[in-house]
Amino acid sequence: DAFRCWKEKLPGYDLYAVGIFYQILALIKRSSLLNYSSPDNFKSALNILNSEFKNPDLNISKVCLNAGICETTFRSMFRSLYGKSPINYITQLRLEHAKKLLSQSSVSVEQAALSSGFSDGKYFSRVVKKYYGCTPSALRKHFILNYNLLFATKTTGTRSLGIPVII
């Protein structure tokens, strides 16, 4: 019926075609909401982020595709639940992991960067400077100083000097 109306250019055929187009859009929207915004799909994408953050090739599009969730829906849900973008979340996971590695003096800054999912040491240094206001080497020194201070405080029974600790 729709094709005949279009082919014969019956009166109102253009409005009829637009109406059918909107019906199709509504079906697609309903389908995408049903298939891509379930809590299980969101949890699956979040689990992928948490387990794969050390992979420098990790990207949100692939995560959402693997989890079966619409990327726009995932980003919106993520921001409303966590108050930050998924990219900022990944960066923070990587920084936390790098901080743990840097606290071990045997790991180089470059190794800490690559093992934490940063693509190279220079980018890692820029990110550390942006988030912590110092270089990765200075961050390491801070950890060693605080570790020694904590160890001295525990063994001598003295009070801490109140130096702020980066957590």
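Analyst: Questions and answers on this predicted model follow.

User: How many helices and how many strands does the secondary structure of the chain come to?
Analyst: Read along the sequence, the pattern is α-α-α-α-α-α-α-α-α. The count that goes with this pattern is nine helices and zero strands.

User: What pLDDT does the chain average?
Analyst: Of the residues, 79% score at least 70. The average pLDDT for the chain is 81.

User: What percentage of the residues in the chain is buried?
Analyst: Buried means under 20% relative accessible area. The chain has 167 residues. Buried residues make up 28%.

User: What share of the accessible area do carbon and sulfur atoms supply?
Analyst: The chain exposes about 11,200 Å². Carbon and sulfur atoms supply 60% of that area.

User: Which residues form a nonpolar patch on the surface?
Analyst: Together the patch residues have about 590 Å² of accessible area. One of them, Val18, is found in helix H2, residues 13-36. The patch is formed by Val18, Phe21, Tyr22, Ile24, Leu25 and Ile28.

User: Why does Val18 count as partly exposed?
Analyst: Partly exposed is the class between the buried limit of 20% and the exposed limit of 50%. Val18 falls in this class because its relative accessibility is 40%.

User: How many salt bridges does the structure hold?
Analyst: Glu71 forms a salt bridge with Arg75. Lys99 forms a salt bridge with Glu96. The total for the structure is two.

User: How far apart are the closest N and O atoms of Glu71 and Arg75?
Analyst: Both residues lie in helix H5, residues 71-82. They are four residues apart, about one turn of the helix. Glu71 is partly exposed at 27% relative accessible area, and Arg75 is partly exposed at 32%. Their closest N and O atoms are 2.9 Å apart.

User: In which helix do Lys99 and Glu96 both lie?
Analyst: The two residues are three residues apart, about one turn of the helix. A polar contact of 3.3 Å joins their side chains, Lys99 to Glu96. The salt bridge between Lys99 and Glu96 has its closest N and O atoms 3.3 Å apart. Both residues lie in helix H6.

User: What distance separates the C-alpha atoms of Lys99 and Leu139?
Analyst: Lys99 lies in helix H6, residues 86-102. Leu139 is 40 residues from Lys99 along the chain. Their C-alpha atoms are separated by 7.9 Å.

User: What percentage of the contacts with a separation of 6 or more comes from residues 24 or more positions apart?
Analyst: A contact here means heavy atoms within 4.5 Å. Among contacts in the chain with a separation of 6 or more, residues 24 or more positions apart account for 52%.

Conventions: Residues are numbered from 1 along each chain as its sequence is written. This is a predicted model: local features need pLDDT of at least 70, side-chain atom pairs count only at pLDDT 80 or more; totals for chains, interfaces and linings use all residues. Side-chain values use heavy atoms; hydrogens and water are left out. Patches are made of residues with over 30% relative accessible area and no salt bridge: like charges are joined within 9 Å, nonpolar side chains (Val, Leu, Ile, Met, Phe, Trp, Tyr) within 5 Å. Accessible areas come from the Shrake-Rupley method with a 1.4 Å probe; for residues, only the protein chains shown count as cover. A salt bridge is a side-chain nitrogen of Lys or Arg within 4 Å of a carboxyl oxygen of Asp or Glu. Buried means under 20% relative accessible area, exposed over 50%, partly exposed in between (1.4 Å probe, protein chains only). A polar contact is a pair of N or O atoms within 3.5 Å; within protein, one must be able to donate a hydrogen and the other to accept it, and residues adjacent in sequence count only if both atoms are side-chain atoms. pLDDT is the predictor's confidence in each residue, from 0 to 100.
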